[in-house]
Amino acid sequence: MTKGTASMGKRSRFRLHLRCRRCGQPSYHKQKSRCSHCGFGATTKLRQYAWQKKSHPWNRDY
Ligand SMILES: [Zn+2]
């Protein structure tokens, strides 16, 4: 197996993301051992960005 684009096609066969213990999303990365949704494993706090609140209409400042 070569590295690069050719091997990327086999990615879907491997289960990289498992269900996260903290947020319940299937975003817990097996090898990186961190959750891409809430940051579990990488940070003790919730993964939160300032731009996230803009997506909610009630937080929008027109
Ligand atoms: Zn999570």
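Biologist: In which segment is Gln48 found?
Modeller: This is a predicted model, where local features need pLDDT of at least 70, side-chain atom pairs count only at pLDDT 80 or more, and totals for chains, interfaces and linings use all residues. Residues are numbered from 1 along each chain as its sequence is written. Strands are DSSP runs of E, at least two residues, and helices are runs of H or I, at least four, numbered from the N terminus. On that basis, Gln48 sits in the segment after β3 (34–35).

Biologist: Is Gln48 buried or exposed?
Modeller: Buried takes 20 or more other C-beta atoms within 10 Å of a residue's own, exposed takes 12 or fewer, and partly exposed is in between, with C-beta atoms placed from the backbone. Gln48 has 10 C-beta neighbours inside 10 Å, so Gln48 counts as exposed.

Biologist: What separation do the C-alpha atoms of Gln48 and Cys38 have?
Modeller: The two residues are ten apart along the chain. Their C-alpha atoms are separated by 7.5 Å.

Biologist: Which residue has a positive phi although it is not a glycine?
Modeller: Most residues other than glycine have a negative phi. The residue in question lies in the loop between β2 (28–29) and β3. With a phi of about 45 degrees, it is Ser33.

Biologist: Is Ser33 buried or exposed?
Modeller: Ser33 has 11 C-beta neighbours inside 10 Å. Ser33 therefore counts as exposed.
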